[in-house]
Amino acid sequence: MRFNKKALFWDLISFGATSLIFMGIMWLNHLAPFGERSLATMDASIQYLDFFSYWKDVLAGKNGFGYTFSNLLGSGNISHISYYLLSPFNLLIVFFKKSDANLFFDLVVLLKLATAALTCSIFLQIRFKDQLKRWATCLLAISYALMQYDLWQSSNIMWLDGVYLLPLELVGVYLICRGQSKGIYWLSITSGLCLIFNWYVGAINCLFIAIWLCLEIGLNARSFRKAVRDLLMYSWAMFLGILISSITFLPTVTSMSGQSRSQFDWNLFTNTFRGAPLSIVQGYTIGANSTTTRVALFCGSLVIICALALFFANYFARKEKVIFIFGLVLTVLMYYWQPFFMVFSLLKDASSYWYRYSYISSFFLIFMAGSFLVAWLNDKQRSFLPVLCSCVLYLGMLGAAKLTLPAEKDLKYGITALSCLLLVVCLYGLSIAQNKKNQFYIISGICLLCGLELSYNADLIIKKLALDARPYATYSREQEKQIAAIKQKDPGSYRISQTKTRSENELINITANYNDGYAYNYRSISSYTSSPDGKQLKLLADLGYRFEGDRITIVNTSILPTDSLLGVKYVLSPYYIKGLEKTDLPLSDGKSVYKNPYALPLAFTVSQLPPKADGRSVFEYENEVFSTLAGEKVELFKPLPYRSEEVATGRRFIFESPKGNYGVYGNLPWDRTVDGTSLDLNGKLQQFYGAWLSPSVFYVPTTNEGPAYIELKTTAKEAFRRPELYALDLDELKKAVTDIKQKSALVKEEYLTNGSGKYVVSHVASPSYLQTSIPYDDGWKVTVNGKVIKPRLFDEALMAIPLNKGKNVIQMTYQIPHAKLGILLTVIGCSLLAVTKIVYRKQSRQ
């Protein structure tokens with residue numbers, strides 16, 4: 001194997017052609033930088049833009065890498081970074097403002113797709129030993145870059161790293177099966193990098209590589225001994241690749257073991273089928289999308305026609321056709337047979353963004369198409385029969401799918417069939433063309449037709465995905481200013497919460513955007529990541545902020561006792577909540593800055609620890625917690641009498657607004673979710689309720705003494721249990737907080753940064769605890785007067801540090817678990833790879 005300038009030129013042609021096509025589509029759809037729209041939609045809008053803003057701060061040294069207080073209440077962050085942010089393309093964020101994150105996102109999608117074309121071109125030229133015509137190589141590479149997966153999953157930008165690295169990994173497998181030692185270097189380095197860039201698609205690629213090894217052994221092995229040798233070389237290369245990736249992979253696996261979604265969903269491992277296998281044909285049409293019962297593998301008519309033509313051509317031995325048939329059957333089963341689906345979903349319930357591994361099947365089809373084209377284009381006879389048979393077969397299956405499966409738009413089928421027929425006509429012309437001039441015109445027509453087909457398909461999909469980027473840019477600029485103003489006025493240690501974020505429906509008061517702490521670098525009490533700390537989620541739920549899907553904290557109000565306990569000093573809100581004090585800091589996106597006068601510091605001393613929630617209601621548990629911390633009976637929340645009456649839209653609960661300094665909170669526990677349910681809170685606030693992303697505890701605005709109401713608007717009143725309605729005694733809250741502070745020993749915060757902190761506690765009269773609102777995990781090392789100690793935990797989450805009489809110097813340092821071991825294993829992996837190269841070089845010389 002060797003590179004040459006001509007091959008490199010065509011690799012760059014594939015890169016450039018893909019870039020030009022995709023830029024044209026971006027221009028047509030007014031995507032940034034050509035307009036005000038963006039591909040950062042769905043989870044990209046909800047999560048990833050904020051994560052990139054966080055990464056910009058990390059690269060500038062303004063936020064923590066291994067640990068950050070921007071994630072929930074504070075968390076080790078290596079699993080988050082290794083999943084979302086370690087792609088080398090993400091380094092480009094340093095050149096963009098946070099408000100321009102959409103522009104950065106679109107640019108990186110473009111670069112990753114173009115890079116996929118480049119690496120696919122490299123694979124095709126190496127795998128087919130430069131026997132595949134250059135124009136065909138370029139078309140197949142562009143087909144890989146603009147396949148259905150890349151377009152529909154463009155919002156999940158971190159998965160595209162696996163797409164462009166897969167062809168390079170498979171080059172390594174091919175070289176190993178050809179008996180070339182450099183295959184070990186290709187496979188180990190590219191597999192290691194894939195696991196580093198994104199462990200999720202890295203693991204998917206590793207699964208597919210094992211299957212590809214069997215295919216290559218079947219196609220290349222001439223003896224059992226050679227097959228065993230190939231298997232040993234492959235195993236050694238994969239072992240080295242995993243060692244090389246250990247610098248991030250080992251800490252990530254360790255970190256995820258304690259997270260809320262770390263357990264495998266074994267109950268989903270059933271011997272069942274997910275849908276009709278014929279729907280795979282339905283999915284191979286222009287504009288098709290993957291659904292729960294159908295996978296979309298469309299990557300152009302050229303690919304499917306040439307892939308199927310392989311079985312009708314006499315260029316291939318029976319054994320080779322059997323191997324390809326086996327590959328096709330497996331391609332179908334991995335989407336429709338539940339055990340295979342679970343294996344390639346990494347034993348998790350991947351119930352959104354269906355078939356996150358479908359790029360591997362599109363690549364297999366492209367490989368089959370390339371195998372046919374190598375033989376057919378280099379045959380002077382070029383029998384048209386295989387192409388004709390494959391066209392008839394594909395159109396026949398397409399018609400059968402149209403008749404037997406749920407209806408789809410006829411236009412999609414018609415355009416796909418027309419494109420296929422036009423391509424077959426061109427291939428027929430190529431099969432009978434005798435002189436080079438005619439061949440050139442026909443090949444140009446094939447290239448134009450394929451380019452237009454792929455472009456039209458991409459344009460259809462991008463039109464459905466593109467989102468207006470202006471609201472994000474506006475919100476980002478305003479939020480940055482507001483957070484900066486708060487920090488400038490108050491540089492101390494505290495948390496910030498808010499009752500409204502961007503992309504929120506004003507009428508129903510819900511959102512999924514809970515990563516502002518990440519984006520704008522402040523200590524928060526909310527987040528939305530794939531694998532958060534389950535103990536923190538439980539703590540917040542015990543204190544009134546429920547979580548959704550084991551990953552999202554629903555914080556869209558201010559439960560004052562909870563916020564005070566967690567050190568929330570400022571609340572950003574478009575409406576007033578009793579107990580908060582409005583500041584003169586600037587308004588942003590309709591939100592004023594309110595100060596919480598009851599906020600406790602992030603560390604204070606107590607004589608005993610609060611009990612666990614043990615199933616108690618939020619309001620009863622809050623009373624118990626503050627009673628324990630204050631050392632005397634405290635009743636913050638007091639039951640509020642009400643009467644219930646039926647109304648046309650559901651049920652209304654009427655109560656008298658309590659006299660005095662009170663706020664009102666409620667909770668209507670539900671037995672099942674009921675879509676379309678909402679709350680009318682005293683005519684002053686509307687709240688979506690009882691379903692996805694809705695809160696449990698809610699604040700009821702009351703201004704004057706007299707009747708007030710909560711109206712439950714629902715079609716299923718029986719789904720909601722007896723209401724919990726309580727009045728929060730703000731005077732009692734103030735007294736409890738004052739008592740806690742007065743009884744607390746002298747606590748001086750020397751510093752508290754991401755991953756480290758130092759407190760000096762003086763005049764401790766009796767054994768007690770430094771109760772912090774800092775969550776514990778295995779990365780924390782805590783010392784008291786130089787002695788390493790194991791903290792006690794409040795509700796299995798927050799660190800409570802035992803104190804001795806007298807003066808206590810507490811030092812807290814966070815280290816990424818197994819980071820040093822991971823670095824050592826990476827060094828060992830690189831060293832073993834170097835030794836392997838030296839050994840093979842000596843053997844080749846001998």
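Asp161 and Lys112 are both buried (under 20% relative accessible area, with exposed over 50% and partly exposed in between; 1.4 Å probe, protein chains only). The two residues form a salt bridge, with the closest N and O atoms 2.6 Å apart. A salt bridge here is a side-chain nitrogen of Lys or Arg within 4 Å of a carboxyl oxygen of Asp or Glu. Asp161 belongs to helix 7 (residues 160-177) and Lys112 to helix 4 (residues 101-127), 49 residues apart. Helices are DSSP runs of H or I with at least four residues, strands are E runs of at least two, and both are numbered from the N terminus.

The model is predicted: local features need pLDDT of at least 70, side-chain atom pairs count only at pLDDT 80 or more, and totals for chains, interfaces and linings use all residues. Residues are numbered from 1 along each chain as its sequence is written, and side-chain values use heavy atoms, leaving out hydrogens and water.

Across the whole structure, 27 salt bridges are found. Asp584 and Lys489 meet in one of them (3.3 Å, N to O). Asp584 lies in the loop between strand 9 (581-582) and strand 10 (592-595), and Lys489 in helix 19 (residues 470-489), so the pair ties together parts 95 residues apart in sequence. Asp584 is exposed, at 68% relative accessible area. Lys489 is partly exposed, at 48%.

Glu624 pairs with Arg616 in a further salt bridge, the closest N and O atoms being 4.0 Å apart. Glu624 is partly exposed at 31% relative accessible area, and Arg616 is partly exposed at 30%.
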